[in-house]
Amino acid sequence: MAPTICVEASGRAFDVAIIGAGVVGCALARRFTLDGARVVILEKAADVLDGASKANSAILHTGFDAPVGTLEADCIAAGHAEYREIHARLGLPLIETGALVIAWTEAEEARLPALMEAARQNGVPVAPLTAAETYALEPALGPGVRASFRVAAESIIDPWSAPHAYLLQAFLNGATLCRATEVTGGTYEDGGWTLATRRGDLRASVVINAAGLYGDLVDRQLLGEASFQIRPRKGQFVVYDKPAASLAAHILLPVPTETTKGVVVCQTAWGNLLVGPTAEEQDDRANAPLDGAVLHGLRQKAETILPALAGHEVNAVYAGLRPATEEKNYRINRVADRAYVSVGGIRSTGLSAALGLAQHVAELVRPFAPQMVPLADPVWPTVPNISESAPRDYEAPGNCGIVCHCELVTRREVEAALSGPLAAQSVAGLKRRTRVLMGRCQGFYCSAELARITEGRLSEPMVPPHG
């Protein structure tokens with residue numbers, strides 16, 4: 001079934017058009033809507049969060065290791081602070097585990113003082129720990145820890161409910177979402193943009209490019225040139241079964257390098273244990289194939305950090321792509337004479353920095369969109385809880401029974417995700433809203449029933465893996 005919401009955009013003029021409904025695009029939509037703009041979000045996929053934002057480590061970073069004095073450090077700090085300010089009001093989890101940055105070699109230990117000083121300059125409190133103190137906090141760690149420091153404010157969050165909540169708040173306060181609407185070109189004249197899409201033209205005063213892995217291509221399409229080039233960086237992950245989560249109370253971080261934060265071991269909001277990501281350069285922007293040898297290496301790495309993991313089963317593996325560029329810095333480019341802002345190069349810190357990026361971009365746009373007046377009394381929706389940090393729907397009466405027994409997803413949750421104002425349009429979108437199909441059996445037992453429930457309600461019919 002093709003989405004119809006874009007009909008609402010037909011014939012209308014918008015203040016701000018946002019290209020891309022990843023976490024940054026969703027945060028931008030919320031910010032500009034609350035600031036009083038008429039906003040339209042254009043997403044080429046059938047559903048939102050279908051690009052880089054669909055796969056990440058689900059950590060709310062403090063930015064302790066961000067380069068001091070950079071835009072990235074500022075946006076992570078601002079995003080972290082705003083998430084903590086609004087999460088309860090939107091019904092979003094915040095699992096405050098803290099993180100340990102662990103040195104396993106003499107060279108890594110030598111880097112700890114500089115990292116702690118950088119954290120302090122970024123305004124992030126840290127506490128140095130000896131090896132004995134580290135083992136006292138995390139007794140399951142393998143042998144060889146030399147020292148560490150603790151970052152108390154690093155936290156685990158739900159990577160999908162947060163951007164869904166940002167977008168829902170934008171939508172309920174007047175924003176328009178057009179899915180399956182790829183931008184194919186555009187012109188700027190008479191103080192505004194005419195954007196061509198595969199579903200018709202749109203008018204907007206300001207265009208913001210938040211197209212993630214396709215950001216440089218959108219710049220070339222609309223401006224004729226791009227100030228950066230996307231170099232997709234693949235990250236592969238291993239998810240262990242829920243009993244393994246008790247092995248790590250903190251987010252366990254390695255000493256970061258110039259190019260990557262390294263392999264992280266941490267609990268997830270769903271009650272599993274996550275290991276990853278890798279950092280692999282590739283040219284393909286759309287596909288992130290899994291590599292058995294790399295995944296085996298990830299398991300070996302994880303079992304060095306937590307030897308008891310060797311006795312635990314793997315629940316799932318997955319891979320995602322980060323929109324890296326030829327430089328480490330965020331690539332924010334404002335073209336004032338064409339009322340255009342490109343928000344590119346938001347690598348692995350997009351989930352943490354999204355709200356801060358939205359604040360920053362709103363300030364960049366303000367000089368050429370001075371007519372916006374913030375909403376006096378905006379709607380504050382609460383999104384359904386799908387994390388293990390709060391009561392779940394299967395524990396509540398009237399839930400119509402459990403559909404996915406691995407992840408304890410109810411029929412009421414599935415129906416709500418298929419019929420709400422931002423109803424799922426794809427199987428992947430349904431998974432991100434409910435956790436259905438994400439458990440130990442990976443849909444073997446529930447996919448047939450789900451296919452019946454979703455019949456005629458998704459952009460592509462669901463086909464059970466076993467017939």
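Modeller: Happy to! Of the 467 residues of the chain, 57% count as buried, where buried means under 20% relative accessible area, exposed over 50% and partly exposed in between, with a 1.4 Å probe and protein chains only. Please keep in mind that this is a predicted model, in which local features need pLDDT of at least 70 and side-chain atom pairs count only at pLDDT 80 or more, while totals for chains, interfaces and linings use all residues. Residues are numbered from 1 along each chain as its sequence is written, and side-chain values use heavy atoms, leaving out hydrogens and water.

The chain as a whole comes first. Its secondary structure comprises eleven helices and 21 strands; these are DSSP runs numbered from the N terminus, helices being H or I with at least four residues and strands E with at least two. The radius of gyration is 22 Å, close to the 23 Å that the globule rule gives for 467 residues, so the chain is as compact as a globular protein of that length. That radius is taken over C-alpha atoms, and the rule is 2.2 Å times the number of residues to the power 0.38. The C-alpha trace spans about 65 × 50 × 45 Å along its principal axes. Among contacts between residues at least 6 apart in sequence, 72% join residues at least 24 apart, a contact being heavy atoms within 4.5 Å.

Now for the close look, at helix α1. This helix covers residues 23–34, and its axis comes within 8 Å of that of helix α5 (residues 161–172), crossing at roughly 30 degrees. Axes here are lines fitted to C-alpha atoms, for helices over the stretch in contact, and angles run from 0 to 180 degrees between N-to-C directions. α1 and α5 are therefore roughly parallel to each other; that label covers angles under 35 degrees, with over 145 roughly antiparallel, 65 to 115 roughly perpendicular and the rest oblique. Their crossing is left-handed, meaning that the near helix is turned anticlockwise from the far one by less than a right angle, whereas clockwise would be right-handed. From α1, Val23, Cys26, Ala27, Ala29, Arg30, Thr33 and Leu34 take part, meeting Pro163, Tyr166, Leu167, Gln169 and Ala170 of α5. These contact residues divide into nine nonpolar, two polar and one charged, where Ala, Val, Leu, Ile, Met, Phe, Trp, Tyr, Cys and Pro count as nonpolar, Asp, Glu, Lys and Arg as charged, and the others, Gly among them, as polar.

Helix α8 (residues 350–365) also packs on α1, at an angle of about 45 degrees and with the axes 8 Å apart. α1 and α8 are therefore oblique to each other, and the crossing is right-handed. Val23, Val24, Ala27, Leu28, Arg30, Arg31 and Phe32 are the α1 residues involved, and on the α8 side the residues include Gly350, Leu351, Ala354 and Leu355.

Alanine 73 is buried, with a relative accessible area of 9%. Alanine 73 and asparagine 122 lie 49 residues apart in sequence and 7.0 Å apart in space, C-alpha to C-alpha.
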